[in-house]
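Have the viewer open while you read.

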Amino acid sequence: MSEQLRVLDELEKEEYESVPVPFQKLGFWVFLGGEIIILGGIVASAILFRLSYPGWFKSSEHTNVVIASINTMVLLTGSLTAVLAHKFATIRQWGKVQLFLGLTALCGFTFIGIKFIEYSREIHHGFLPSSGIFWMFYYGITGLHGLHVLAGSLIILGVMLFLRKKKLVEAVENAGLYWHFVDIVWLYIFPLFYLT
Amino acid sequence: MKVGERHEIEVRNHEHHHPPYVTIYFILVFLTFASILISQIVHRQKAPAYVFTISTVKALLIALFYMHLKYEGRWVLAFAIIPLIIFALVLFALMPDVVPYQKM
Amino acid sequence: MSEAVASAGVIHHEETFLRKYLFSTDHKTIGKQYLITGIAMAILGGTLAILFRINLAHPGFLTNEQYNTFVTYHGAIMFFWVAMPILLGGFGNILIPLMIGARDMAFPTLNMFSYWVFFVSSVILIISFFVPGGAFSGGWTVYPPLSADPGRYLGANLGTVLFLLALALEFASMLMGGVNFITTVLTMRAKGLTLMRLPIFVWMEIVASLLFLFSVAPLIAGAIMLLLDIILGTHFFRVEAGKVGDPVLWQHLFWFFGHPEVYVILFPALGILFEVITTYSRRPVFSYKLVVYATIAAGILSFLVWAHHQFVAGINPLSAIAFSITTILISIPFSMTLVVMGLTFAGGSIRFTPAMLFAIFAFLMFIIGGLSGLPLGAVGSDIYFHDTYFVVAHFHYTVFTIAVLSTIAGIYHWFPKMFGRKINETFGKIHAWLTFIFYNGFAFPGFFLGLAGHPRRYYSALEFGYLQKYQWVHELMTVSAVLLLTTQVVFLFVFFYSIFAGAEEKSPNPWKSTTLEWLAPSPPPHLNWGSFAPVVERGPYEYAKNGKDIDYLPQGKLVKLKQPVSGHEH
């Protein structure tokens, strides 16, 4: 089938009517747009509850700022490596691309590992999702975010493997976009549950 | 090759802007430390305003430069901005209902 | 290279049965898969409705629990497993690439995946019906605390968790489809097909996809919170001593989605109506731009009206007033669209094919439905009408007429294109009239029951003194509903029979319609256009033009591919 498609592609060199965005990038931003509101929806609910729950600050004192700060650094570093992977992809240095993608995935798994340790400590201290308003949002949101970090790391790994078959710049860029999105969400979660 | 792969031609011609990623990284790290510091020393009623402002600055740095939104056209910007408007809509439209009630 | 061109005719390649029919990436096959599954779920949802309607006519036929469960699943199935997959997954997938001159969707593999996720969601939904502990029975709106509190109410159990899981998967499937539709229409149109030359159906599908994308997300957040409530014992929505959640938050998150959702269903259906009406009236849309702008405006406004579903839920009265105003306002763009539709009919030389009959009936009944929305949108009168049969009649007149009648109109209209055969016209006309009569017999009395104050979702009217005298109305509605469903089942037999043994229709454009899909062979082969490419030269509805034999100008034409194809190709 791909042979025939390639022939057709050769034939139809006249382009489509299109908005001036490569379709892979546009498709990915459409998807990201939805994801922004999914996480945004639960964050908005947290903000609403927080504004009406006077006990929030007291509960948030029990979270560990040091662990979370380390995790913040981990995510930021992953953002850097992800965007560097993109930069090297645009100049076709695929070896470096794989390296930086690998580092990004490493950051992702590190984040999750640290999160596990953090959760274990908190559960050990008796703080469960059912322990109160702060905790249900804490576990709900950081857990959901953690799943997104996992997904982002798996996407990065997936792109690393995919690049062996075909060197697609867009794939690297999109994987990076997802990572940055997850990072930005963390930038708000971190202060919401740890700093204030 | 998939049906839409013709856009590869367009992609290769697509201009790639590369702002100084590493410099921005260090700014982000600095801002992170700043926000942690502020949260510990400033009075807890005022801290959220500062801390979330710093968060927003960091978010903008990542969005504009790492996600290249500074260089993208209106269609991509639309899918980045409209969700934020909807997020704000959900937040503010629900406030009159959810917030006035003190939750134990 | 030219030899390669000459031999690059229609694509032939060996595919296994599995690849070709089950796991195809071809948008037409995927669309048909959605259509078939949607039809199957429609029979299931319709049967559930018949069963609880029989109970309403003869209380005692079902147990209370069964009644609640059937009402719940009927609503959920019709919205999520019938209307959306048929109108978006079915018609959207089949028609969009053909109408824009593309060979397939932008992400064909994602498309295939989206169907199978949908299929799995249907299976899980059906399984949830039979699990120990019972199916979910708390209404399709899944309101907590009923749905959130395990153990305390009947409503929350494994059935609920599976129901929510099925819903989540269905949302994921539709989101994937939406990404595909939006990207494809924005980036893969044929040469000459600017956005303002798109068939209105395509515009509608895009606006619907955007609405769905942006509105479903907070509900997904809410559903996650609800699942956490059930499984982990959080109390986002539960209210207990010492642990205060907010059930009204769920309502907000649900209806923030729920309202745009009805337009997600409405817009594609209106799109089908425009395609059908222009073809069989031999008229262009009275004002194309007005429809497009009104649709976009209605889409934006649809995000600002949701709490009209919550007027009596104890929301802030100031909010209620604001939402009432926006709700009345949103009737304006819809009225504009309907006026344009009416003016499109007017003065046309109408050919009363089955598709056109269904379209006319849909148009008329939708007006009734829309008008009945006004007493509901005005907060004062809604206090009386909320949760009565008036609401039931209102939404059936809008959703059922639009979703079902347009779907059937679309099936009659595009059947020759998809299958190279025709459905018998006489049968189609009888089908249309019977559907119209039985539908009104079932739905119209609802307005009067509502005016009399008959609440909805009640197991039996006989238990309440002031309602007992309306029992005969229930019997009338039930008989009509049974006859209505029977008619549709007969239609389905005819539909499937016609696919394999209907009268052949080899001509690609039997209805002399203008849009691009009618340039392709019937049925279109894999990759649609063979060694030709469509080029668009004009708008989509150039009817009533000069010429005695030819009263239409096709939107585009097929250009034989040469090497290279330049912009001046003719």
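Let's start with the buried residues of H10(C): C:Ala320, C:Phe323, C:Ser324, C:Thr327, C:Ile330, C:Pro333, C:Phe334, C:Thr337, C:Met341 and C:Thr344. Bear in mind that this is a predicted model. What covers those buried residues includes helix H8 (247-281), helix H9 (288-301), helix H11 (354-372), helix H12 (374-377) and helix H13 (379-385) of chain C.

H10(C) itself takes in residues 317-345, 29 residues in total. At 1.5 Å a residue it should span 42 Å, and its end C-alpha atoms sit 43 Å apart, so the two figures agree. Just after the helix, C:Gly347 takes a positive phi of about 80°.

## The neighbour, H9(C)

H9(C) is one of the helices covering H10(C). Its 14 residues reach 20 Å from first C-alpha to last, close to the 20 Å you'd expect at 1.5 Å a residue. The buried residues here are C:Tyr288, C:Val291, C:Ala294, C:Thr295, C:Ala298, C:Gly299 and C:Leu301. Look down the axis of H9(C) and these buried residues fall within an arc of 160°, so they line one face of the helix.

What do the buried residues of H9(C) pack against? They pack against helix H7 (200-232), H8 and H10 of chain C.

## A buried glycine

Now move to helix H4 (residues 64-100) of chain C, where you'll find C:Gly92. Is C:Gly92 buried or exposed? The cut-off for buried is 20 or more other C-beta atoms within 10 Å, and C:Gly92 has 32, so it counts as buried.

Leaving out residues up to four places away in sequence, C:Gly92 touches C:Phe181, C:Glu205 and C:Pro268. As for C:Trp433, it is 341 residues from C:Gly92 in sequence and 27 Å from it in space, C-alpha to C-alpha.

## A strand pair in chain C

Strand S5 (residues 532-536) of chain C has 4 of its 5 residues buried, so it is largely enclosed by the rest of the structure. S5(C) runs antiparallel to strand S8 (residues 556-560) of chain C, and 5 bridges join the two.

## Chain C as a whole

Stepping back, chain C has 17 helices and 8 strands. Its radius of gyration is 24 Å, close to the 25 Å that the globule rule gives for 570 residues, so chain C is as compact as a globular protein of that length. Its C-alpha atoms fill a box of roughly 80 × 50 × 45 Å along the principal axes.

Of those 570 residues, 57% count as buried. Among contacts in chain C with a separation of 6 or more, 82% involve residues 24 or more positions apart.

## Where chain B meets chain A

On to the other two chains: 51 residues of chain B are in contact with 52 residues of chain A. On the chain B side, the elements giving two or more residues are helix H1 (7-13), helix H2 (21-41), helix H3 (47-66) and helix H4 (74-98) of chain B. H4(B) supplies the largest share, 14 residues.

What is that side of chain B made of? Its residues divide into 34 nonpolar, 11 polar and 6 charged.

How values were computed. Residues are numbered from 1 along each chain as its sequence is written. Chains are lettered from A and ligands numbered from 1 in the order in which they are written. This is a predicted model: local features need pLDDT of at least 70, side-chain atom pairs count only at pLDDT 80 or more; totals for chains, interfaces and linings use all residues. The radius of gyration is taken over C-alpha atoms; the globule rule is 2.2 Å times the number of residues to the power 0.38. A residue is buried if 20 or more other C-beta atoms lie within 10 Å of its own, exposed if 12 or fewer, and partly exposed in between; C-beta atoms are placed from the backbone. Two residues are in contact if their C-beta atoms, placed from the backbone, lie within 7 Å. The expected span of a helix is 1.5 Å times one less than its number of residues. Ala, Val, Leu, Ile, Met, Phe, Trp, Tyr, Cys and Pro count as nonpolar, Asp, Glu, Lys and Arg as charged, and the others, Gly among them, as polar. The arc is that of the directions from the helix axis to the C-beta atoms. Two strands pair if DSSP finds at least two bridges between them.
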